[in-house]
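Thank you for making time this morning.

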Amino acid sequence: MMDFKEMVLPAEVLPAERLERMEGWGMSCAGMSYVYRPVNTRGVREILEIARGSGRPIGMRGAGRSYGDASLNSEGMLLDLTRMNRILEWDPISGLITVEPGVTIQQLWQYIIEDGWWPPVVSGTMFPTLGGAASMNIHGKNNFKVGPIGDHILSFQILLPDGQELTCSRQDNADLFHGAISGFGMLGVFTQLTIQMKRIYSGLLDVTAIAVGSFAEMFAQFEQRLPESDYLVGWVDCFASGASLGRGQIHQANYLDPGVDPEPAQTLRVTNQELPDTFVGTVPKSLMWRIMKPFANDPGMRAINFAKYLSSEKLGHEAKHRQTHAGFAFLLDYVPNWKLTYMPHGLIQYQSFVPAENALAVFTEQLRLSQRYGLTPYLGVFKRHRPDDFLMTHAVEGYSFALDFALTATNRGALTSLAAEMDALVVGGGGRFYFAKDSLLHPSTVARFTGEERIAKFQALKTQCDPEDLLQTNLYRRLFPK
């Protein structure tokens, strides 16, 4: 059979009405693609055949929440799986759920919480699909304790480009199980996933806020609190310098034990978990990004970061309160469309993962470099991690630091240079990167942190599952060029 890449057919083979401009979530990259939205596995098979016959590669897209080009396929096809969003099986006794790949984290938690369960791992937003979450092996604020979402997936069904559907678990097709989870959609199409949920006894968490005056204090507090925490996350004021470099605030959260919540049936109700529609009870949240827009510049963000730190130090240090699971987990959803404050050029998030023994030095120098370049991140988020056994993992026994950089009409070149310098620091410190957040990595950097053996194993799986190289995205072509 002729390799589909060798077939030269006119673009008119695909209907023009399928062409759409698709964008990465950070709005910093986009591309035109032929988009297809199947409703079942049969539809996926048919679309894969269309791709093969057209001579165009096809990539997968869920909710499009990857910051960069992971769900883009310029001039090719995109398989949008959001309409395959059925919950197929739910056992409220064991907490096992089987879902189609287009089910979102929001659908999941809303479906199970009133039975006393919560997803074991969630991202900072509730809108990603579970197929996308598995492909990127997402982590949460509890990664140091429970690992990524892949550690809680018991099995899945995957459709290979040739139409063969396989069931994979840690016992059956184990190599593909560990490769497809973390494989950023390059080995096959998830058609259903079975995941173990977490039993909870209240719709509330005990939350403690801790102000820290420097990065060193941030690290010390994390290490001290790890054994007693279910979740830990740190916010960093990236504008602070000198002795205050890395100052910020930590939030520690813990599940409530059975019997502690006097009204669990009420706190577990979906309606009591929903995020508020207004800010301070009056301003509609839908307007907040417009109110924030005038502050989306260096002076404005410096002032906001300073005010946030000052309030955390003076009013919030060691403050304790109870917060809903959704309220604590989905901080990125408090302001709808907050990313629009970065218009018209968008944002790039740079997230690195560094072993614990090197993380303080690496992250400190990242902040210093950013400030020297005049490209101070507007947001910094700090988390603790543990290793996992998935093939293309980003995890380390250590820490991650996520930095949000605003793009302008003139700073992309400088930001690319800054990222290259930070990449060298990370790789030199034994660190890794996360493809769901990436926009700027170079193939040589990927080769260095991933290692020849791991890349060879991934490429062997890719050849086995997709010998025609039908499955492709912009990210795949950028980071794994032929």
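At the start of helix α1, a side-chain oxygen of Asn-40 comes to within 3.3 Å of the backbone nitrogen of Arg-42. Please keep in mind throughout that this is a predicted model. The helix itself runs over residues 41-54, and its 14 residues reach 20 Å from the first C-alpha to the last, which is close to the 20 Å expected at 1.5 Å a residue. Just after α1, Gly-55 takes a positive phi of about 75°.

Which residues of α1 are buried? They are Thr-41, Gly-43, Val-44, Ile-47, Leu-48, Ala-51, Arg-52 and Ser-54. These buried residues pack against several strands, among them β2 (30-36), β3 (58-61) and β4 (77-80), and also β10.

That last strand leads us to the next residue. Ile-181 sits in the loop between α5 (174-180) and β10 (189-196). Is Ile-181 buried or exposed? Its relative accessibility is 0%, and because buried means under 20%, Ile-181 counts as buried. If we leave aside neighbours within four places in sequence, Ile-181 is in contact with Ala-134, Ser-135, Asn-137, Gly-150, Ile-153, Phe-156, Phe-190 and Phe-390. Gly-150, to take one of these contacts, is 31 residues from Ile-181 in sequence, while the two C-alpha atoms are 6.3 Å apart in space.

Now a polar residue, Asn-254, which lies in strand β14, residues 248-255. Asn-254 has a relative accessible area of 17% and is therefore buried, given that the cut-off is under 20%. Its side chain makes a polar contact of 3.1 Å with the side chain of Gln-252. Not counting residues up to four places away in sequence, Asn-254 touches Leu-205, Asp-206, Glu-228, Ser-229 and Asp-230.

Let me turn to charged residues. Side chains of opposite charge can pair when their charged atoms come close. The model has 21 salt bridges by the rule used here, and I will show you some of them.

Arg-384 counts as buried at 8% relative accessibility, whereas Glu-223, with a relative accessible area of 38%, is partly exposed.

A second salt bridge joins Asp-438 and Arg-478, whose closest N and O atoms are 2.8 Å apart. Asp-438 is in the loop between β21 (432-433) and α13 (443-450), and Arg-478 is in helix α15 (residues 474-479), so the pair ties together parts that are 40 residues apart in sequence. Asp-438 counts as buried, at 8% relative accessibility.

Finally, please look at Lys-462, which forms a salt bridge with Asp-466, the closest N and O atoms being 2.7 Å apart. Both Lys-462 and Asp-466 are buried. Which residues are joined with them into one network? Through salt bridges that share partners, Lys-462 and Asp-466 are linked with Asp-469 and Lys-482.

I will stop there, and I am happy to go back to any of these places on the screen.

Key: Residues numbered from 1 in each chain as written. Predicted model: local features only at pLDDT ≥ 70, side-chain atom pairs only at ≥ 80, totals over all residues. Heavy atoms only, no water. Helix = DSSP H or I, 4+ residues; strand = E, 2+ residues; numbered from the N terminus. Buried < 20%, exposed > 50% of the residue type's maximum accessible area, 1.4 Å probe, protein only. Polar contact = N/O pair within 3.5 Å; in protein donor to acceptor, adjacent residues only side chain to side chain. Contact = heavy atoms within 4.5 Å. Expected span 1.5 Å × (residues − 1). Salt bridge = Lys/Arg side-chain N within 4 Å of Asp/Glu carboxyl O.
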